[in-house]
Amino acid sequence: MASSGSAGRVEVFDEPEALARAAAELFAASIAADVDWRGRCDLALAGGSTPRRAYELLAALRVPWPALHVWFGDERCVAPDHPDSNHALARAALLDRAPISPDHVHRMRGEEGDRDAAARAYERELPRSLDLLVLGIGPDGHTASLFPRSAALGETLRRVVAVVGPKPPPHRLTITPPVIAAARRVVVLAAGGDKAQAVRRALHDPVDAANCPAGLLRGARWLLDRAAAAGIARPSGAAPAAGTARSDPEIRRIA
Ligand code: 6PG
C-alpha cells in the first residue's frame, strides 16, 4: 500500500446503497484481476456492520470464486456463530451465498481460550501480503481492532495479536500495522455521520496513528457516504445526480 503519508483516493456516495454497490463491484474487479495475474486472490474482510450490504451484493456478482481465499482483519473472541462474530456476519452476507470453498475460508479462532496461541496460529497461516484488505473505521479512529493508544499499534514483528478494546465485545484478535502496510490494496468503507470526525482525522489531520489508527490508511482507497465525508473538503459546484459517486477534486485521488 502507498505510504501512510501519501494521498489516497476518496470517493463519496450520496446513498449507502450506491456505496455498497460500488464497493462490491470494486471487490469483484480486484479479485478477478488478482486471479488473472497470479491464479489466486487473498481477500481479508472487515468486521462491523458497514460492509454487510457490499458483501451481499458481491455474492451475486461474477467472481472466480474457486480461486478466492477469504481472511479476516479481526475477530471478536466469541463463538463463530455468535451474533457479534465477524465470521458470522460474513457467513450470512457472503460465505453462504457464494460458491466459496470452505477450505478457503480462514477464520480467526477467537473462541479459543488461549487467545495468544490462536493469534499465533492465524499469523502462521496468513499470507505475507494480502491482495485486498477491506477495513472499516470506528468513531474513535480505530480500524480492525487497532484501537487508539493500543500497544498493538507499535507491533513491528507480530502480524496478529490478541487485544482488549473499548468497543464491545472487548476481547479480540487483530492484524497489526505490518499486515496493513504489506497489503497490495486496501479499501476502507465508512458510512454515517458518527464517522465524520474520524474520517477527517484520518485523511486530513497530521498522521497520528497512536491516537487515530485509521491514519495508517491514508494511502488506501476510501468509499464514503455523504455523512461520513461531512468533515472533509467538499467540491464546489452542483451536487452530482442522486445515487452517483461524487468524486471530489478537493478530496485527493490517486492518479
Ligand atoms: C470490528 C471491526 C471494526 C469496524 C469498525 C466499524 O470488529 O468491530 O473490525 O474495525 O470495522 O468499528 O464498525 P461498523 O461498520 O459496525 O460501524
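Me: If a residue counts as near a molecule when one of its heavy atoms lies within 4 Å of it, how many residues surround the ligand?
Reply: The model is predicted, and the 4 Å cut-off is applied to heavy atoms. Among the residues around the ligand, the closest are Thr50, His142, Ala144, Lys167 and Lys195. The number of residues that surround the ligand is 15.

Me: How do the residues of this shell divide into nonpolar, polar and charged?
Reply: Lys167 and Lys195 are among the closest residues, and lysine counts as charged. The whole shell divides into 2 nonpolar, 8 polar and 5 charged.

Me: How far from an oxygen atom of the ligand does a polar side-chain atom of histidine 142 lie?
Reply: For lysine 167, a side-chain N or O atom is 2.7 Å from a ligand oxygen, and for lysine 195 the corresponding distance is also given as 2.7 Å. For histidine 142, the distance from a polar side-chain atom to an oxygen atom of the ligand is 2.6 Å.

Note on methods
Residues numbered from 1 in each chain as written. Predicted model: local features only at pLDDT ≥ 70, side-chain atom pairs only at ≥ 80, totals over all residues. Heavy atoms only, no water. Polar contact = N/O pair within 3.5 Å; in protein donor to acceptor, adjacent residues only side chain to side chain.
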